[in-house]
Amino acid sequence: MSDLLIENVRLIDPATNLDAPGALLVRDGRIADLGHDIGRPEGIPVVDGRGAILCPGLVDMRVELGEPGGEYRETIDSAALAASAGGITTVAAMPDSSPAIDDPALVQLLRSRGEQTGRITILPYGAATRGCKGEEMSEFGLLREAGAVAFTDGGRAIGSSRMMRTALAYAAGFGAMIVQHPEDPELARGGAATQGELSTRLGLPAIPAAAEAIIVARDVRLAALTGGAVHFAHISTAEALDIIRRAKARCVKVTCDTAPPYFDLNETAIGDYRTYAKLSPPLRAESDRLAVVAALADGTIDAIASDHQPRDADDKRLPFAQAAPGGVGLATLLGVSLAQVHGGQLSLMRMLELLTVAPARLIGAEAGTLAKGAVADLCLFDLERVWQVNVGTLPGKAQNSPFDGRALEGRVVGTWKAGRRVFG
Amino acid sequence: MTPSHRHLLQIEGMHPPQIEAMLDLAESYVLLNRSGKTQRDLLRGRTLINLFFEDSTRTRTSFELAGKRLGADVINMSVSTSSVNKGETLLDTAATLNAMMCDLLVVRHDQSGAPNLLAQKVDASVINAGDGTHEHPTQALLDALTIRRRKGRLQGLIVAICGDVLHSRVARSNIHLLSAMGAIVRVIGPTTLIPAECARLGVDVFHDMNKGIAGADVVMMLRLQRERMVGGLVPSAREYFRFYGLDFEKLAHAKRDVIVMHPGPMNRGVEIDSAVADDPVRSVIKEQVEMGVAVRMAVLDILSRESRRNV
């Protein structure tokens, strides 16, 4: 079972700094050998990679699954389909579902539901506070034991300084980080777009870019105070990145990720009230986008996550300020990221690091490498193949992509989960 | 009209000749209305629906009168936004209106962009009668007509727009229209009621009313919503009136032949002194109401031209 030889590929593994032509041998769902002259065992099924790139299956550290509670938007099965099409084999799941993932049994449930798909490993985040309401701390120890990789209130910021201090300190005792949605809830309340000329012209309630920097600055200080580790999700502003850059230089335990919309789009995407481009945090000014690109290259940003947030048509076909924020991103994660490689801003090795081993290390996942003995989670993609994002034809259930109409260069042609082909 | 000639959703993006043509036509409707004649055959057999998701007696009545003077069948629909799921109502209403074969749809909504959304879903021509804090195009057109009739031009005039610019769709539409037509536009208000990057709209921003009003040909006052008076963005009504309420003392800084405008309804003693509002020489507030009907007749006329040609 799950024996396979993928030959005629360019092997890239940022974890071992490998970039070489060759083949990869899978035995019993694990990587048995890889390299240039590994031969062809008799009777083994062979896949011709036709010169495409074979890298570790992508690790996506920020995904909203739709389950439990949002099944009308997305199910674990439909999200798994979209993940496979996007070359993703491991996802970390947001806990601000309904009910919130604040009980060990729910953590175990999500893990086993992932296994049942045969396509993805689901690594759940535990809710940082009960019900993700920001009031009482949840049972970090028990949740951790059940398999929670870190703690967060998902799309809600932990707004209280006191709660954040306690959570950072307590989680540190269990070796876990707190993942923060960095947005001052008071400054962001009711806001629908980033504050600036465009929000003024469209007459939309605005959120200042400083709402992000304020929480980042506060939490950096709380991390230093407690010795805890803080991770900021979907960083979108130059100001916040400056604070993180300086904090890293002082060896505070701070890391961060961003998502493709924040380095591929800017606020103008919401022009004419396009609700599919309404995200949280909102799309920012072009100067912020450029700062995010620079921070991907210089290492200030540690990982790229899809920030997949399924919404259905009724959530989006509303006046802009009333529409739900969020965009899907599983199927487009690699393609949109590769635009930065084609544009010359990032090396292919660095980009794949941001999508595989870097997020895997942040959430402690045994994934994201082509090392011998590792589980054969693999992504095969054609760096040059051109395609277009078309809302309505994306894999999975939810179709709310902010990238509708975007032409992309680079497409997944095959995905394997533990040596079993799940896409292509 | 942008982006198509079918709808009137916003002033932003309209070109001066389009604005000019609309004002000229409205001018002719002013004369027609004053002569006591009607043109009831123009929109005969056509249906105009006033779809108001927000209360407004003045604007709704003005559109109703404009439609009736041109012979349209006018129906008023008031939809409460608080009692029902807002999103369902908007889309369901669009589907219902389509089934009714409505020709002209006048929409007022408390959400910016709601008319844009409706325009994508209905076959009728959509006229924005005020959406959230975005635009109120017919108000800007009637204001421009009022100014043009009093001053003979728009080009080169100094127009001071004063008050809660942040939440004002009237201010946004007026800024776009007046600057497109070559007027010098100033906005005056407390810093908390001026939107971000306001100067990027092509206006000069003042926080001192006397300076902002100095040498103005037109002073346009905006309504301050009651819920914003206490403690929110300004501390009290009396403090607001002291610094941003229009009285004769502040008005003395303007040109001698200044005209005073207000889109209504007024908060007397909050943003405007009653004596100024009722000044028979300088206040043109009643004239604005008259121009409103004429401008809306012109808008209905222009937007229905293509479909009238096709019949």
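How many salt bridges does the rule find across the interface of chain B and chain A? The rule finds two, a salt bridge being a side-chain nitrogen of Lys or Arg within 4 Å of a carboxyl oxygen of Asp or Glu. The legends below describe a predicted model, in which local features need pLDDT of at least 70, side-chain atom pairs count only at pLDDT 80 or more, and totals for chains, interfaces and linings use all residues. Residues are numbered from 1 along each chain as its sequence is written, chains are lettered from A and ligands numbered from 1 in the order in which they are written, and side-chain values use heavy atoms, with hydrogens and water left out.

**View 1. The contact between chain B and chain A.** Chain B gives 23 residues to the contact and chain A gives 16; contact means heavy atoms within 4.5 Å. The two chains bury about 1,600 Å² between them, with 55% of it on carbon and sulfur atoms. Buried area is the accessible area (1.4 Å probe) that two parts lose on being put together, summed over both. On the chain B side, B:Gln111, B:Ser112 and B:Ala196 lose the most area to chain A, together 24% of what that side buries.

**View 2. Polar contacts and the makeup of the chain B side.** Nine residue pairs are in polar contact across the interface of chain B and chain A, both residues at pLDDT 80 or more. A polar contact is a pair of N or O atoms within 3.5 Å; within protein, one must be able to donate a hydrogen and the other to accept it, and residues adjacent in sequence count only if both atoms are side-chain atoms. In chain B, α3 (86-99), α4 (114-121) and α6 (169-180) each supply at least two residues of the side that touches chain A. Helices (H or I, at least four residues) and strands (E, at least two) are DSSP runs, numbered from the N terminus. The residues of that side of chain B divide into seven nonpolar, nine polar and seven charged. Here Ala, Val, Leu, Ile, Met, Phe, Trp, Tyr, Cys and Pro count as nonpolar, Asp, Glu, Lys and Arg as charged, and the others, Gly among them, as polar.

**View 3. Salt bridges between the chains.** B:Arg200 forms a salt bridge with A:Glu197, with the closest N and O atoms 3.0 Å apart. B:Glu12 and A:Arg201 meet through their side chains in a salt bridge (2.8 Å, N to O). B:Glu12 lies in the segment before α1 (16-35) of chain B and A:Arg201 in helix α6 (residues 197-202) of chain A, so the pair joins two chains. Over all chains, the whole structure holds 40 salt bridges.

**View 4. Strand β5 of chain A and its partners.** In chain A, strand β1 (residues 4-13) and strand β5 (residues 53-56) pair in the parallel sense over two bridges; pairing requires that DSSP finds at least two bridges between two strands. A:Arg10 stands opposite A:Ile53 in β5(A). Strand β17 (residues 378-388) of chain A runs antiparallel to β5(A), joined by four bridges. A:Pro56 stands opposite A:Leu378 in β17(A).

View 5. Most residues other than glycine have a negative phi, and most peptide bonds are trans. A cis peptide bond joins A:Ser280 and A:Pro281, with omega about 0°. A:Pro281 sits in the loop between α9 (260-264) and α10 (286-298) of chain A. A:Asp272 is in the loop between α9 and α10 of chain A, and its phi is near 60°, a positive value. In chain B, a cis peptide bond joins B:Gly264 and B:Pro265, with omega about -10°.
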